[in-house]
Amino acid sequence: MVKIAAFLTLFTAYLVYSATVYTYGTRDTIQVKESAVPQIVYGKTLYQQYNCVACHQLYGLGGYLGPELTTTYSDPAKGELFMRTLLKGGGLRMPNLGLSETEINGLVSYLKYVDSTAISYKKPAKP
Amino acid sequence: MSNEINRLTYRASDRATKAMLTLALGYLLFGLCLGTIGGFQYILPDFLKKELAFQKTRPLHVYLVIAWIFTCAQAAIYYYLPRVAGRPVFWIKGMWLHVFLQGVTSLIIVTCFFMGRFGGREYLEFPPWLGGFILLSWIPFAVNFWFTIKPNYKTAPVYIWMWSTGILFFFITMSESYLWIFDYFKTNIVRDVTVQWKALGSMVGSWNMLVYGTGIYVMEKISGDTKTAKSTTAFFFYFLGFTNLMFNWGHHTYIVPAAPWVKMTAYIISMTELLILVRIIYLFKKTVSEAQKNFHSIPWRLLSFADFWILLNLAFAIFLSVPAWNLYTHGTHFTVAHAMGATIGINTMLLLTSVFYIIQEEQPDWFSQNKGLIRSGIWISNISLLAFWISLIGSGMVRLSSKLNNELFAEMMEKSLPWFKLFAWSGTVIVVGLFLLIIPAMKALVKRKPVTV
Ligand code: HEM
């Protein structure tokens with residue numbers, strides 16, 4: 001009986017915890033202009049369709065053959081132009097995916113948005 | 001005589017179980033080949049870049065080895081179900097339906113990957129509707145589990161609790177991992193990533209419950225000690241593990257800008273994990289006699305290796321989850337060392353324990369003739385796994401130092417090359433070692449069972 005009660009208590013805590021994580025724990029801290037949303041979602045869809053996650057991480061999620069992309073956009077050594085070059089022609093290991101200009105714009109908007117949310121990355125990096 | 005009646009009770013379901021075990025070993029075989037190709041793509045950038053690029057090899061490898069883990073756990077549980085319950089499996093046609101659904105789903109998934117059709121989510125990189133198929137294939141398994149065992153949770157041993165929890169949480173976490181299809185999750189990257197880490201972290205916990213449960217069941221059978229799996233201590237540790245499954249995922253999210261308490265909760269709980277496993281190992285080892293060790297020498301050796309990897313990985317995981325460290329170690333090959341160290345060293349070794357335990361029961365003569373081969377496979381794969389693991393830590397170190405020194409990605413890759421070479425080559429040796437286990441095991445499983453008089 002004690003075991004069943006313990007299970008149910010923990011399970012309830014899990015449900016409450018999950019609901020909290022979905023809401024307060026991950027509240028929107030970055031406000032995005034309403035008009036920019038479709039372009040960001042388009043970029044995200046492409047990011048998934050081309051399976052960029054196999055080689056790149058965003059917030060640590062993804063494969064490790066390529067660099068983490070969370071803050072590439074605001075990285076002074078990289079930035080938008082550099083990203084566009086790689087997306088257009090590929091690199092040593094990065095494949096040339098034959099992306100169109102429209103697709104590249106979408107991907108860049110998405111990565112720019114991700115970068116704008118990465119507050120926790122930028123704090124420790126800058127002295 | 002009663003033994004013969006028992007065998008007849010099990011025979012019909014054992015046929016489906018063996019088909020499923022063979023399927024699981026097939027996933028491993030194929031998954032290992034693709035992992036090796038992926039490993040060589042690290043050191044040879046142009047290797048199969050057109051035909052089978054890394055964005056295909058990685059998802060193929062990861063999907064297939066994960067499929068190995070849960071399919072083998074399910075098959076082992078199917079074998080144990082009628083023996084624990086003392087009655088035949090409830091729905092034998094359902095077992096075949098399960099094998100069929102699983103086989104077809106994986107065939108479609110593999111085809112999608114080869115054709116370059118992705119859903120593009122970490123670990124679940126196939127198109128999202130296939131996730132629904134996977135869930136569907138688990139339904140006959142859940143039905144068979146609950147209706148065969150008809151568990152009385154007041155008196156059931158701990159592995160019944162673990163299997164129940166594993167099945168329940170697989171359904172929950174697999175569904176949770178698809179929340180991103182709703183705009184509420186899709187349009188907020190922090191929420192999306194946090195929920196994804198949460199779902200995947202707990203999903204790993206759910207199949208660990210299945211795998212560890214089978215490990216404990218085999219321990220009970222080898223030692224003949226039926227008390228430990230029902231003891232208060234076992235349950236105390238089950239509940240710690242359960243808490244870990246539900247709340248421990250947060251150690252992955254230190255870098256996600258979610259609220260700090262999310263991270264603290266995770267950290268405190270993850271520290272207790274070491275306690276759980278060390279305790280369980282200790283309890284069983286104490287009860288096994290020399291004679292039992294000798295008779296079950298192969299499962300015993302596999303279990304001992306799993307023990308070793310549990311300790312090594314836990315020490316390492318705890319080191320990784322110290323929040324201050326985690327900020328730096330995440331997104332490096334440290335994480336891969338943790339992931340593959342655990343899935344090969346712990347899960348695969350525990351599952352192979354079940355595979356060879358079952359083969360020893362089913363084909364005793366064949367088993368004693370092939371012991372030598374199996375033993376060398378075990379040694380080869382475990383020793384090379386150590387080199388493999390070290391290579392991943394080595395490349396993690398290089399990436400860490402280059403991150404701190406703001407080096408270019410290309411520079412870092414150049415410096416990591418010796419470690420990547422060790423990675424690819426030791427990986428190849430692991431594959432050789434595991435093939436020495438997989439191929440004989442598959443042969444034994446398709447062999448007709450000897451008739452005992
Ligand atoms: C039973 C055997 C194996 C299991 C269960 C296994 C499991 C896994 C898992 C879970 C991942 C995802 C890691 C992560 O995202 O952190 C992974 C990645 C990978 N594995 Fe394995 N693995 C096995 C054997 C091998 C072997 C023998 C090789 C050969 C070199 C290999 C090569 C790779 C590669 C290249 C990756 C991708 C790393 C990246 O993200 O860049 N694996 N494996």
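Select B:F100 to begin: with a relative accessible area of 55%, B:F100 is exposed, because exposed means over 50%. B:F100 sits in helix α3 of chain B. This is a predicted model, so what you will see at each stop is computed.

Which helix gives the most to the patch? Colour helix α3 (residues 92-115) of chain B and you have the answer, as α3 contributes three residues.

**The iron site**

Next, go to the iron atom of the ligand and show B:H61 and B:M340. The NE2 atom of B:H61 and the SD atom of B:M340 coordinate the iron at 2.0 to 2.2 Å. B:H61 is buried, with a relative accessible area of 17%, and B:M340 counts as buried at 16%.

**Along helix α7 of chain B**

Now pick helix α7 (residues 189-223) of chain B, where you will find B:T194. Where does the side chain of B:T194 reach? Look for the backbone oxygen of B:V190, at 2.6 Å. B:T194 is buried, at 1% relative accessibility.

Stay on this helix and select B:D192 with B:R121. Their side chains meet in a salt bridge, 2.7 Å from N to O. B:R121 comes from the loop between α3 and α4 (129-149) of chain B while B:D192 is in helix α7, so the bridge ties together parts 71 residues apart in sequence. Are these two buried or exposed? Both B:R121 and B:D192 are buried.

The next selection is B:K198 with B:E176, another salt bridge at 2.7 Å, N to O. This pair links distant parts of the chain, with B:E176 in helix α5 (residues 158-176) of chain B and B:K198 in helix α7, 22 residues apart. B:E176 is buried at 5% relative accessibility, and B:K198 is buried at 0%.

**Over to chain A**

Salt bridges that share partners join A:E80, A:R84, A:K88 and A:E101 into one network. Zoom in on A:K88 and A:E101, whose closest N and O atoms are 3.9 Å apart. A:K88 is in helix α3 of chain A and A:E101 in helix α4 (residues 101-117) of chain A, and the two are 13 residues apart. Both ends are partly exposed: A:K88 at 47% relative accessibility and A:E101 at 44%. Over all chains, the count comes to twelve salt bridges.

**Two positive phi angles**

Most residues other than glycine have a negative phi. For the last stops, select A:N51, with a positive phi near 55°, and then B:L48, with a positive phi of about 55°. A:N51 lies in the loop between α2 (37-49) and α3 (79-89) of chain A and counts as buried at 1% relative accessibility. B:L48 is in the loop between α1 (2-43) and α2 of chain B, and B:L48 is partly exposed, with a relative accessible area of 27%.

Methods:
Residues are numbered from 1 along each chain as its sequence is written. Chains are lettered from A and ligands numbered from 1 in the order in which they are written. This is a predicted model: local features need pLDDT of at least 70, side-chain atom pairs count only at pLDDT 80 or more; totals for chains, interfaces and linings use all residues. Side-chain values use heavy atoms; hydrogens and water are left out. Helices (H or I, at least four residues) and strands (E, at least two) are DSSP runs, numbered from the N terminus. Buried means under 20% relative accessible area, exposed over 50%, partly exposed in between (1.4 Å probe, protein chains only). A polar contact is a pair of N or O atoms within 3.5 Å; within protein, one must be able to donate a hydrogen and the other to accept it, and residues adjacent in sequence count only if both atoms are side-chain atoms. Donors are N, O and S atoms within 2.8 Å of the metal (3.2 Å for Na, K and Ca); water is not among the atoms, so sites may look incomplete. A salt bridge is a side-chain nitrogen of Lys or Arg within 4 Å of a carboxyl oxygen of Asp or Glu.
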